[in-house]
Amino acid sequence: MSAGKDAEFSRKLAQKGWVGMALPTRYGGHDRTAVDRFVVVEELLSHGAPIGHHWVADRQTGSVINRFGTEEQRERFLPPICRGELSFSIGMSEPDSGSDLASVATRGTRAEGGWLLNGTKVWTSGAHENDWFVVLCRTAPLEDGNKHQGLSQMLVDLSTEGLEINGIPFLDGSPGFNEVVMNDVFVPDELVLGALGMGWAQNTSELAYERGGPDRWLSTYGIVEEFLRLNEGTPLGERAAETLGWATARWWGLRNLSLSVARMIDEGKAPSIESSLVKEMGTRFEQDVLQRVLELVDLEPSPESASLFERMVAAAVLTGPSFTIRGGTIEILRSVASKGLGS
Amino acid sequence: MTVLPEVDELLSESAERLFADTCSFDAVEAAEETGWAPEIWQAVADAGFAWIGLPEQAGGSGGSLADACEVLRIAGSFAAPIPLAETAVLGGWLLAQAGLALPDGAVTVVPGLRADTLAGSLADDGSLTLTGTAHRVPWAASADRIAVLVPASGSADGGVVAAVDPANVQIEAATNVAGEPRPRLTFDSLTIGADEVGQVDDPTTVQQLRLRGALSRTMLMAGALDAMSRLTVDYTSQRQQFGRPIGRFQAVQQHLVWGAQDAAITNMAAQVAAGHASNDLLGARFQIAAARTIAEGSAATATRGAHQAHGAMGMTQEYALHHLSRRLWAWRHEYAQPGEWSTEVGHQAEQAGAEGLYPLIAS
């Protein structure tokens with residue numbers, strides 16, 4: 001499920017020192033490890049905290065700017081990220097580029113002092129309310145057999161002239177998804193993220209941050225916790241106990257595996273294969289948890305139910321299929337992971 | 001955060017080398033045919049691995065339970081056909097707990113199945129008379145001693161441990177689906193002299209043995225899953241069809257990735273559980289039960305995927321996959337009733353309640 005958005009919550013959380021934790025103190029961060037951040041994030045997610053406003057910036061954009069950005073970019077973007085103020089969207093997918101991300105058609109053409117962006121991004125979550133997004137685009141012509149060259153990442157203000165945001169309602173009618181059309185959107189040179197032409201490598205490393213964390217196996221955790229809360233005082237039958245045991249054991253195992261991805265990030269590695277393995281497995285598990293709960297309880301999920309549990313189940317039924325799609329489909333993750341296995 | 005003991009890398013490396021040198025394809029095949037692998041056992045004993053994790057004053061090699069578990073994990077990855085778990089983690093441990101001497105050779109242990117009728121009566125002179133049958137006692141015919149735990153009738157007491165010479169027991173051959181010896185033993189009013197009988201006062205001994213049993217199979221399965229994943233990746237990168245390695249096909253890649261995940265999560269779970277168990281065995285009930293639950297699920301899915309990826313070749317005796325897959329099919333049933341460990345985790349989660357569930361997951 002998607003976390004709620006609450007800019008005030010993000011700001012307060014930042015005052016506690018829990019946003020931008022792993023970023024350097026000189027930019028307003030806290031120089032903590034990825035493991036420290038993991039521990040805070042799992043608490044937030046398991047409590048269903050409304051972290052949507054700062055989530056993308058905290059999970060990936062901040063780290064990518066810190067790792068690849070210019071000094072000027074770090075000074076400009078990291079402090080407001082660490083204050084929980086600045087919100088980011090992800091500008092990767094396009095109408096004709098999903099899993100085959102290197103085929104993006106959005107083009108940056110040289111203009112005086114910068115670049116003009118033309119193209120369309122889709123499935124851009126939160127673009128209608130966020131401040132910025134990072135656009136993956138082609139800044140040099142596609143050469144045969146070398147599609148990973150000539151790509152760049154750009155930091156784009158979502159209120160820039162020439163940029164049009166059209167909402168795409170989710171299957172249940174709720175807002176969140178967008179199409180972002182760019183017509184001659186001017187991006188000054190100083191907003192090219194990191195090095196020109198290094199977009200693919202930077203993007204790959206960004207995906208490692210995006211893929212291996214607790215948000216990839218906790219989406220349906222709240223349902224089980226609520227199930228336990230509702231049944232407190234009534235002994236669970238053997239069947240329910242076995243299901244609960246299966247899920248709890250796997251959460252424990254996935255958590256340890258996911259924690260090892262955070263440790264690898266702390267060791268300076270880019271664990272893209274490991275994080276793909278975790279995400280592929282974790283998101284399938286999130287769906288399995290929902291299915292096993294549905295098999296256990298007698299209910300017809302209803303979004304309007306008076307019961308929190310029933311509303312959570314209804315929301316998970318409707319958003320569940322996205323778990324294994326967003327942030328890289330499980331099919332593409334398998335492809336990434338199997339290359340790493342040496343096949 | 002609990003600090004878990006780290007296993008010395010040198011220990012893993014030397015165990016890896018030893019099992020690689022001794023557990024060749026032919027050696028594992030021969031062990032299945034004859035029921036015993038004296039050369040492998042001797043090499044493992046000479047290296048001190050057979051008594052790892054047992055205290056030196058009891059005749060063990062020292063080291064922690066985590067060390068013993070790591071060696072077991074590696075033994076599992078080589079399908080080592082020897083009673084290493086029984087000697088180092090189960091039977092040998094029981095003998096040491098009861099103050100009994102460790103024999104020169106292998107030790108096995110009565111796992112204590114529901115079908116067992118084995119009972120013992122302790123005489124005033126300290127001797128113990130055993131009567132009844134015990135099922136599926138690993139390598140009983142090849143062991144120097146069979147460790148038998150007879151729990152005391154009152155739950156506040158521990159029990160009595162006897163070191164039984166297999167020569168005095170009627171042994172009916174039987175194997176598990178991996179062809180490992182799991183004979184049925186009949187004790188016909190067999191009296192064990194007081195010098196081979198020891199008291200254990202700790203009332204948790206039965207529970208500890210059960211946890212150690214589950215942990216030992218978890219470690220073995222973790223190792224086997226890891227080796228099976230690597231074997232499958234290797235095979236599918238060499239086997240060509242339609243002009244390219246079959247591992248390039250997405251349908252086959254799915255088996256490889258799922259197998260690698262089963263191996264990764266089980267190894268992670270097993271090693272974390274071993275660390276907790278090494279610190280405090282009874283305190284590690286949750287971690288052992290969770291790791292055992294994960295291993296059982298992984299054994300089922302990973303063997304299916306590995307066999308599918310190997311095609312007909314994996315179904316033959318001449319190819320090594322069955323050394324691993326058959327063991328996984330056997331080990332998943334040992335020290336586990338169907339659903340036993342997942343239900344145990346479930347009841348622990350139930351006890352933790354809604355507020356305690358995540359802290360349990362993070363433990």
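1. In this predicted model, the contact between the two chains draws on 35 residues from chain A and 35 residues from chain B. On the chain A side, the elements that supply at least two residues each are α2 (34-46), α6 (221-230), α7 (238-266), α8 (272-296) and α10 (330-341).

2. Of these, α7(A) gives the most to the side of chain A that touches chain B, namely 17 residues.

3. Turning to chain B itself, the chain is divided into domain 1, covering 9-200, and domain 2, covering 205-361. Taken over C-alpha atoms, the centres of domain 1 and domain 2 of chain B are separated by 23 Å.

4. Within chain B, 29 residues of domain 1 are in contact with 29 residues of domain 2. On the domain 1 side of this contact, two or more residues come from each of α2 (25-34), α4 (65-77), α5 (84-97) and β4 (145-151) of chain B. The largest share of that side is given by α4(B), with nine residues.

5. The side of domain 1 of chain B that touches domain 2 of chain B has 20 nonpolar, seven polar and two charged residues.

Note on methods:
Residues are numbered from 1 along each chain as its sequence is written. Chains are lettered from A and ligands numbered from 1 in the order in which they are written. This is a predicted model: local features need pLDDT of at least 70, side-chain atom pairs count only at pLDDT 80 or more; totals for chains, interfaces and linings use all residues. Domain bounds come from an automatic or database domain assignment. Two residues are in contact if their C-beta atoms, placed from the backbone, lie within 7 Å. Helices (H or I, at least four residues) and strands (E, at least two) are DSSP runs, numbered from the N terminus. Ala, Val, Leu, Ile, Met, Phe, Trp, Tyr, Cys and Pro count as nonpolar, Asp, Glu, Lys and Arg as charged, and the others, Gly among them, as polar.
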